Amino acid sequence: MKLKKIVNSIGDLVADPVSVTYRAKPDGPSRIVWVNRSFCEVFGVSYDAALKMSWQDVFHWDYSEDFQARHSEMAALGQSGMSQDTLCLRRDQSSFWASVSLTNVEDDDGTGRHSIMVIRNIDELKNREQSAELALIEREHLLDQVEATQSRLVGAIEMIPDPFAIFDRKERLVIWNP
């Protein structure tokens, strides 16, 4: 098997969507020149339709400028790669959270560059993260309620004129009035 054939098949072995874009000039438009099968499946486009997209079409409009700014900053600093969590947009306008890794490869003559983008769906991870955040907020709310109830209980116990004590299951003294 020839090396070129092996290299050409690697993209289709990757389960995550992969795209290659090309920009002829630093300020010129970029266009997608290659995508793997997973890209077409995840974004709901044919291979030919994907080649008519720009890489900005992959991102949700609320996040496209942010990703573009980060990409421009990376290029200005001479860095070849970056990774960022962002919201992506499918053809049917449904969105999903993704971790996008991007690497630039400059042309030998310096006239343009290819950008390789790997998009990993992290929707489930973001959903679990959001659920955990909500659980923490709920926990804080419940803790505040318990502390308020405990405060009222201590205040009420201190008002009792007779000796009073509360013990736990192991018969340890928990609270008493002075």
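Colleague: Which helix holds both Phe-39 and Phe-43?

Modeller: In this predicted model, Phe-39 and Phe-43 both belong to helix H2. They are four residues apart, which is about one turn of the helix.

Colleague: Are those two buried or exposed?

Modeller: Phe-39 and Phe-43 are both buried. For Phe-43, the relative accessible area is 1%, and buried residues have under 20%, so Phe-43 falls in the buried class.

Colleague: How many aromatic pairs turn up in the whole structure?

Modeller: The search finds two aromatic pairs. Phe-39 and Phe-43 make a tilted pair, with 4.7 Å centre to centre and 35° between the planes. The rings of Phe-43 and Phe-96 are also paired: their centres are 5.6 Å apart and their planes stand at 55°, so this pair is tilted.

Colleague: Where does Phe-96 lie?

Modeller: Phe-96 lies in strand E4, while Phe-43 lies in helix H2, so their pair ties together parts that are 53 residues apart in sequence. Phe-96 counts as buried, at 1% relative accessibility. Phe-39, Phe-43 and Phe-96 form one aromatic cluster.

Colleague: And what else does Phe-43 touch, leaving out residues up to four places away in sequence?

Modeller: Besides Phe-96, the contacts of Phe-43 are Pro-17, Val-58, Cys-88, Leu-89, Arg-90, Arg-91 and Ile-119, with residues up to four places away in sequence not counted.

Colleague: Let us turn to the core. Which residues of the largest nonpolar core touch the most other members?

Modeller: That core has 21 residues, and those touching the most other members are Phe-39, Phe-43, Val-58, Cys-88, Val-100, Met-117 and Ile-119. Two or more core residues come from each of strand E2 (30–35), helix H2 (37–43), helix H4 (61–76), strand E3 (81–89), strand E4 (95–106) and strand E5 (113–121).

Colleague: Which of these gives the most to the core?

Modeller: Strand E4 gives the most, with four residues.

Colleague: What lines it?

Modeller: The lining of the largest cavity consists of Thr-21, Tyr-22, Arg-23, Ser-30, Trp-55, His-71, Leu-102, Arg-113 and Ser-115. By class, three of these are nonpolar, four are polar and two are charged. Strand E1 (18–23) and strand E5 each supply at least two lining residues, and E1 gives the most, with three.

Colleague: Ser-30 is in that lining. Where is Ser-30 placed, and what does it touch?

Modeller: Ser-30 is in strand E2. Its relative accessibility is 10%, so Ser-30 counts as buried. Setting aside residues up to four places away in sequence, Ser-30 touches Tyr-22, Arg-23, Ser-54, Trp-55 and Gln-56.

Colleague: How far apart are Trp-34 and Gln-84?

Modeller: Trp-34 and Gln-84 are 50 residues apart in sequence, and in space they are 21 Å apart, C-alpha to C-alpha.

Definitions and conventions: Residues numbered from 1 in each chain as written. Predicted model: local features only at pLDDT ≥ 70, side-chain atom pairs only at ≥ 80, totals over all residues. Heavy atoms only, no water. Core = buried A, V, L, I, M, F, W, Y, C linked by side-chain atoms within 4.5 Å. Buried < 20%, exposed > 50% of the residue type's maximum accessible area, 1.4 Å probe, protein only. Contact = heavy atoms within 4.5 Å. 1 Å grid on protein atoms, 1.4 Å probe; cavity = no way out; pocket = protein on both sides within 12 Å on 5 of 7 lines; lining within 4 Å. Nonpolar A, V, L, I, M, F, W, Y, C, P; charged D, E, K, R; others polar. Phe/Tyr/Trp six-rings, centres within 6.5 Å; stacked < 30°, edge-to-face > 60°.
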